[in-house]
Amino acid sequence: MPIGTGTRNIVACAIFSAAAITDWFDGYLARKMNLMSPFGAFLDPVADKLLVCAALLVLLDMGRVNSLVAMIIIGREITISALREWMAEVGERKKVAVSVIGKYKTGFQMVAIPMLLYNGTWFGTMNFNTIGHWFIWVAAGLTVWSMLVYLRQAWPILKAKS
């Protein structure tokens, strides 16, 4: 965009935050009003993954996120998506339902990414870049943990069906 870096950071942060908040609100309303559908249940995690992976690639290109973090998070998303698809095909989708750890992982990602996109300080006191780096590393740790939980849940079925 033909605007200054500071403004571009604020715009990127605002766009990502708006997308994350509307995604959360959509899910909240669907549950609250009992308007859930199988297609929505399938599509919502895909949208989350696309949002996070796209933002990580942008942050990686800008040098604001470590490549190991991006590989861990993106690799896990691909692995678990494939696992869920396979488990659904063999009639065991519920064995890899969303876990509490996965929700925490998503929460840390959705807080860290806007901070890394903003890449500045709040009134000269709170350094969002530093906090964002800590949060994204926590998210990466939770990413590995949640992947191991899903694989452990699926292991007996994987072993029996392969």
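A: Begin with surface patches. A residue can join a patch if its relative accessible area is over 30% and it has no salt bridge; nonpolar side chains are then joined within 5 Å. Keep in mind that this is a predicted model.

Q: Which residues form a nonpolar patch on the surface?

A: The patch is made of Trp24, Phe25, Tyr28, Leu29, Met33 and Leu35. Together they have about 630 Å² of accessible area.

Q: Where does methionine 33 lie?

A: Methionine 33 sits in the loop that connects helix H1 (5–32) with helix H2 (38–61).

Q: Why does methionine 33 count as exposed?

A: Exposed means over 50% relative accessible area. Methionine 33 has 51%, so it is exposed.

Q: Is tryptophan 137 buried, partly exposed or exposed?

A: Values between the buried limit of 20% and the exposed limit of 50% are called partly exposed. Tryptophan 137 is partly exposed because its relative accessibility is 38%. This residue belongs to helix H5 (residues 128–161).

Q: Which residues is tryptophan 137 in contact with?

A: Set aside neighbours within four places in sequence, and the contacts of tryptophan 137 are Asn66, Leu68 and Val69.

Q: How many helices and strands are there in the chain?

A: The chain has 5 helices and 2 strands. Read from the N terminus, their order is α-α-α-α-β-β-α.

Q: What share of the residues count as buried?

A: Buried means under 20% relative accessible area. In this chain of 162 residues, 33% are buried. The accessible surface is about 10,000 Å², and carbon and sulfur atoms make up 70% of that surface.

Technical notes: Residues numbered from 1 in each chain as written. Predicted model: local features only at pLDDT ≥ 70, side-chain atom pairs only at ≥ 80, totals over all residues. Heavy atoms only, no water. Patch = residues over 30% accessible without salt bridge, like charges linked within 9 Å, V, L, I, M, F, W, Y side chains within 5 Å. Areas by Shrake-Rupley, 256 points an atom, 1.4 Å probe, with all protein chains shown as cover. Salt bridge = Lys/Arg side-chain N within 4 Å of Asp/Glu carboxyl O. Helix = DSSP H or I, 4+ residues; strand = E, 2+ residues; numbered from the N terminus. Buried < 20%, exposed > 50% of the residue type's maximum accessible area, 1.4 Å probe, protein only. Contact = heavy atoms within 4.5 Å.
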